[in-house]
Structure formats: C-alpha cells, structure tokens
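I opened this notebook to record what I looked up in the structure shown below.

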Amino acid sequence: MYNLLLVDDEKIALDGLSHYVQWEDMGFHLKGAVTSIAEAKNIIEYENIHVVLTDIELERESGLDLIQWVHLNYPTIVCVVLTGHRSFDYAQKALRYNVFDFLIKPIQFDTLRITFSRLKSKLEASETINRKNDEFLQLKKVSFFNKMVSDQNFIPDPVLLAQMEIAPYSTLLLARISLSDKTVSPECTRSYLFDNLIKQYTWTHQPDIFYMGPLEFSVIFYDVSESTLSEQLTHWLNSNDVILKIAISGEFHHLKNLYHAHRQAGQALDYAFWKHSESVICFRNMELPQEERCTFSEELKASFMAALESKNLNTMIALVDNELLSLCRSSNNINLLHSFGIELFMFISHFLKNYLPGYAENENMQMVRQIISLASPDDICVYIRKCVFSMWSLVKDSSTHSSNTLLEIQKYINEHYMDNISLHHLAEVFFLHPNYLSRMFKEKIGQNFIDYLTSVRVEKAKDLLKTTNWKIGEISLAVGYETPKYFSNIFKEKCGMTPKEYRISDVK
C-alpha cells in the first residue's frame, strides 16, 4: 500500500477526491488532504509519503513550487499534477521535475484509475529494482569483508568503499557471534540479528553483518566504545533469551586492520569456550596467556580428521602421543601442552557439533577447565589421552553421512556463491577432508562440486537478468565471476544462449 497526499485549494474537488475515490482498491492509502503548500510540506516531513497529487494552480501559490521542493528534498516521491486547462508552458516546467502524469479537471474517474494503475506498476517495479540493488550491495559487502578478514595483504579500494558507504577511517570493533548449538535458535540468521540487535539500539553508523560459516556471524560496529558495546550486547542477550557466545576485538581505526580485529575476536571466542566464561567476552579481558599458541598444521588437521571420519581410535592415539612427545621436549612445554589439549578438544568438539545430532559442547567443558588447571607435563599428557578416550564414545555415534550436514553445505554455498569458494575452503569450514567432501557431492547430489557451484551461480544470474536492469558485468561480479567474458562463456555453455540473448528471450 502506497501513501498518498492530496493538495487542492478547491474544497469541492478535494472532498470529491477524498471521499468518492476508492484509493484502497487501487493500492493507495490516503494520508492527508490539504489546501496549501505549507500544510503539504508539514505532512511530507513527518509522514512516509510515496505520491503527491497536487493542483498546479493554488490560490496565491503555484503547485510548481511544491513539485520543485519535493523534487529537491524528497526525490523518491512521485508527483501527479491536476490542472484546469491544458498549458504547454506548465507542462514543460513540471516535466523538469519528473512529474509522472497530468490530469485535466474535471477529472474522469476512469482516467484517474488508469493513471494510478500505471503509477502503482511503476512504484512496484522501482521497489523491485531498489531491493535487488540493496541485495547486490549486501552481497558485495559480504564478499568484501570476507576478503578483508581472510587476507592480511588485501588493500581496500577507496572507490569501492564509497560505493558501499563504508568509512575507511573510523573507530571500529569486530564482534564474532557463535551459535552454541545447531539446535539452538535456528531463527538466528542475519535478518534475525538485524531485526533484534541492530534495530534495537541507536548506532552512530549502522553495523555491518557478514557470515563466517554455518554457525558463526561477524558484526562490525563503528564509533562505539568497547565498554558500551559489551554492555549493549550483554543486555541484548539477556533480553532476547538467545544462547550465543560473543567475542569483541580491541579497538581499531582503519578497515585495513580488520584482519587483526577478526583474529583477536577469534582468540577471545576460543577463550570464551575454553574457560566457559560469560556470554560476552572482550579480547583485552582474557586472562589466559596467548603468546604461546600451539596451532595445528594443515597436515596434522588432515590426519586428525581422517582418524575421526574413519573412527580409528588407535590412529588418533598414535597421532596424539607423537605430538605430546614433541611438545614435551620444548622449553615452554606447560603452555604448549595446555594449548594443544585445548585445541584438540575444540577440534573434536567442532567435529561432534557437526556430525552428532543433539551434541552440546558444554558437556565437555569440565575437561577443558581441568586441562588448564594441571601444572605437570606428565599429568597434562595423561589427562589429554583420557579426554580422547572419553570423547571417543561420542565419535563412534557420529555420522559424517548426515543429511543435515549436506543441507548446511548447500545453504552455505547459496549464501556465499559470489565469493571465491573452493572445495578446500568448504572442507575447512565443515571439518571434512576434501576428498571425502568431493565424494559426498558426487554420491548425494549427483554432481561434482564445481558443477554444483556453477549451477547455483547460473540460476542466480538468470534471476538477475530477468528482474534487474544491471549490466552484464555487474551481474558477473554479483554471482562470483570476475570477468564478464568468462561468465558469458559459462552461461552459454549451461543455457545454450548468451546472457544478453537470455535477457530478451521468453525463456524463464
């Protein structure tokens, strides 16, 4: 329903338009009927007006003055002109301000209905284009922020920042929000966070939300202090009864520091799970030393994953023992053993969260607290092995063939198709071996990964070609292809025609 304002100094004409025209049936809601420009301006400034129907010859005033004011101050409002006679001069002047149409008094109701039917179609088309443009802008932002947090050497283009309305020089904090369990708050999507967090508080600049995986979001907050943000997020969690962990980075003053902010928030998020701390944790408030972090190599991760997927306890114990032996030889072995035990726990816990329905990681938090409390290398090694044996009963009950996992992967692709997604990247996000993930696509979907990703991108492109007026190059970027030529070749291979040919065809 579009809001309509009537402006006419002839009371009889104004009453007739107000009371005898069925505006609601045509898709318009009458918000006001006034006799002067001053009254009209007052309503426009305080109400969400979409259309102004105004007489061009008001007493001691000109409707052209109102139309010009609307055009300069509220360019999205559409004006329709009423006039008592055909005046080429008036028409010329009004057209400068993008007037939609002219209606000659006395108004024929059939003509009025036809005009407003066309106007409604125009407004609906504009809404669709604006919505698509907003979606495109959001996709560009998500892709941009994912590149920023994953590539330390990525340099933001000032022109791109301006297009996305992002201030490059601004105090920023990054919060990483992790769902505690797949079964908790399934509505906690980007729209849920936006409606229930972003809109609930007053921000100097609207925060930006982007996805980091099936169970994690990142939010960038601008020009807000760490203490204020922590208080607001804690209040939001307590008020909305959602089960989340939120970690906040230190303050930074340029988007080029987003990579480091993301890493800080990640360390704080790890810490929140390790220590079973409060739901909102700030990087600077962590107490556990972070200087000596034992980070799994890609080779070790792959070996652990293979053991978990095959449910081979002997292989897992052999890998753990070998790593423990190596760490015990280090001069700082206590910190390294603590870190290794915690990371191993998190690795297995993340695996179970994905492949064991109903698994709640807080069931094993006592193990993490116990590991940290131990001060002897021998005691730590014994306890880590005990943890692995204890968790193995859950590993045996897990299923990497879960249909839910496949649905999560497909959902992730549908949300990130515009990014540079690879099989290896997906494998890391979902804690799967790339070879296993490749087999899953072929066996469960009937396509290899590249073919599936291409089909998703092409379907998105087909929708954009039919519903927007974007250029082929813009659509190419929107669906994940950097060069329009390559995109056109892929599209023609899949659809039998070029994007341009598809756009003007009747094919849907």
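I computed an accessible surface of about 25,300 Å² for the chain, 49% of which belongs to carbon and sulfur atoms. The areas come from the Shrake-Rupley method with a 1.4 Å probe, and for residues only the protein chains shown count as cover. This is a predicted model, in which local features need pLDDT of at least 70 and side-chain atom pairs count only at pLDDT 80 or more, while totals for chains, interfaces and linings use all residues. Residues are numbered from 1 along each chain as its sequence is written, and side-chain values use heavy atoms, with hydrogens and water left out. Of the 508 residues in the chain, 49% are buried (under 20% relative accessible area; exposed is over 50%, partly exposed in between; 1.4 Å probe, protein chains only).

**Contacts.** I took contact to mean heavy atoms within 4.5 Å. Among contacts between residues at least 6 apart in sequence, 68% join residues at least 24 apart.

**Sheet.** I listed 21 helices and 12 strands (DSSP runs numbered from the N terminus: helices H or I, at least four residues; strands E, at least two). An open sheet of 5 strands has the order β2-β1-β3-β6-β7, with parallel pairing; two strands pair if DSSP finds at least two bridges between them. Its edge strands, β2 (28-34) and β7 (101-104), each pair on one side only. Within the sheet, β1 (residues 2-7) and β3 (residues 51-55) are joined in the parallel sense by 4 bridges. I noted that Leu 6 has Leu 53 in β3 as its bridge partner.

**Cores.** I searched for nonpolar cores, defined as sets of buried Ala, Val, Leu, Ile, Met, Phe, Trp, Tyr and Cys residues joined through side-chain atoms within 4.5 Å. The largest has 72 residues, and those with the most contacts inside it include Phe 304, Val 320 and Ile 413. Helix α12 (residues 333-355) gives the most to this core, with 12 residues. Leaving out residues up to four places away in sequence, Phe 304 touches Phe 296, Met 316, Leu 319, Val 320, Phe 340, Leu 344 and Phe 347. A second, separate core of 39 residues includes Val 142, Leu 161, Ile 177 and Ile 209.

**Cysteines.** How many disulfides does a search of the whole structure find? I found 0, a disulfide being a pair of cysteine sulfur atoms within 2.5 Å. For Cys 328, the nearest cysteine sulfur is that of Cys 381, 3.6 Å away. Cys 328 counts as partly exposed because its relative accessibility is 28%. Cys 387 has 9% relative accessibility and therefore counts as buried.
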